Amino acid sequence: MAAFLEQTFFHYALLSFYLLGPPTFIALRFFQFPYGKHNRVGWGPTISPPLAWFIMESPTILLPLILFPSGQHFKNPKALLLMSPFLLHYFHRTIFYPLRIYQSTSKQNTKTTIGFPLFLTVNGFLIQALNTYLQVRWVSHYKSDYDSDGGLFWWKFFGGLVVFLWGMRINMWADTVLLVLKSENGGYKVPRGGWFEVVTCPNYLGEIVEWLGWAVMTWSWGGLGFFLYTCSNLVPRACASHKWYLEKFGEDYPKNRKAVIPFIV
């Protein structure tokens, strides 16, 4: 009975994740969450951005420690291997990325840093808790073809891993460029070089590519749902950032750049 109830909960959680995508995409076409370059006052209490990022991403570190050992595939080396790219990304995002933000802001000449809205921190925490539950529970418990897919596991894993690592490299490189630029003069400048010559937000492009690779690796509805939700969240934000750069820098901003998908969007 308990197993049936948990499986029912998993299915409804998966359905809710898919239902979140379309309204998120539509809403972000007209309204941007107030953080980063889109930050503005009047959105309630704020906390420091490094702390906010740590709190938002913390479920990706904590929940695997709780959920993975209870899965039926806990001791399966393939399950452990499959979970590792997800943990690699979020160990960086939860621990190292907030530290990099802190170091960057501490080097700025300004005395104050705009805080991160607390309500967004809570919202991000809940979304990550839902997503992490779906990904971890699938890999550790519900995926049933580790040894019965005729060797396709390895094709999907290594094919998706190449895509994932490529996207992670783009994402981390772009984050580094942006943090360095911001720490140098305490404000925004036009990023140059590499993927910035093609798109305004290669950091978002990299993350989208990462979770496409993850969807291939897991070959699951949960992985696909995460990829689609990432697109629904980051594509409209990238378009808004592209518009922001054009308005701020005018003729100094390269007109041939797209927002996030090279040559398309």
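Student: Which helix is A215 found in?

Tutor: A215 is found in helix α7. Helices here are DSSP runs (H or I, at least four residues; strands are E, at least two), numbered from the N terminus. One note on the basis: this is a predicted model, where local features need pLDDT of at least 70, side-chain atom pairs count only at pLDDT 80 or more, and totals for chains, interfaces and linings use all residues. Residues are numbered from 1 along each chain as its sequence is written, and side-chain values use heavy atoms, with hydrogens and water left out.

Student: Thanks. Is A215 buried or exposed?

Tutor: Buried, with a relative accessible area of 11%. The cut-offs are under 20% for buried, over 50% for exposed and partly exposed in between, using a 1.4 Å probe and protein chains only.

Student: And what is A215 in contact with, leaving aside neighbours within four places in sequence?

Tutor: S220, G223, L224 and F227. Contact means heavy atoms within 4.5 Å.

Student: Changing topic to rings: how many aromatic pairs does a search of the whole structure find?

Tutor: The search finds 28. Rings of Phe, Tyr and Trp (its six-membered ring) pair if their centres lie within 6.5 Å; planes under 30 degrees apart count as stacked, over 60 as edge-to-face and the rest as tilted. One of the pairs is F86 with W214, which is tilted, at 5.4 Å centre to centre and 40 degrees between the planes.

Student: Which parts does that pair of F86 and W214 tie together?

Tutor: F86 lies in helix α4 (residues 77-106) and W214 in helix α7 (residues 202-218), so the pair joins parts that are 128 residues apart in sequence. Both F86 and W214 are buried.

Student: What about W173 and F196, how is that aromatic pair arranged?

Tutor: W173 and F196 form a tilted pair, 5.4 Å centre to centre with 45 degrees between the planes. W173 is in helix α6 (residues 152-185) and F196 in the loop between α6 and α7, 23 residues apart, so distant parts of the chain are linked. W173 is partly exposed at 32% relative accessible area, while F196 is buried at 0%.

Student: Which residues do ring pairs link into a cluster?

Tutor: F17, F86, Y90, F164, W211, W214, F226 and Y229.

Student: Where does the charged end of R93 sit?

Tutor: Over the ring of Y97, 4.3 Å from its centre. K248 also lies over a ring face, that of F249, at 5.7 Å from the ring centre. For this, NZ of Lys or CZ of Arg has to be within 6 Å of the ring centre and within 35 degrees of the ring normal.

Student: On to the inside. Which residues touch the most other members of the largest nonpolar core?

Tutor: L134, V139 and W214, out of 29 residues in that core. Such a core is a set of buried Ala, Val, Leu, Ile, Met, Phe, Trp, Tyr and Cys residues joined through side-chain atoms within 4.5 Å. Elements giving two or more residues to this core are α1 (2-28), α4, α5 (118-142), α6, α7 and α8 (221-249), and α5 gives the most, with seven.

Student: What does V139 touch, apart from neighbours within four places in sequence?

Tutor: V139 is in contact with F68, H73, A79, L82, M83, Y146, W214 and T218. There is also a second, separate core of 15 residues, which includes V209, C231, A238 and C239.

Student: Last one: what's up with the phi of W219?

Tutor: W219 has a positive phi of about 50 degrees although it is not a glycine. W219 lies in the loop between α7 and α8 and is exposed, with a relative accessible area of 56%. F263 has a positive phi too, about 70 degrees, and is not a glycine either. F263 is found in the segment after α8 and counts as exposed at 73% relative accessibility.
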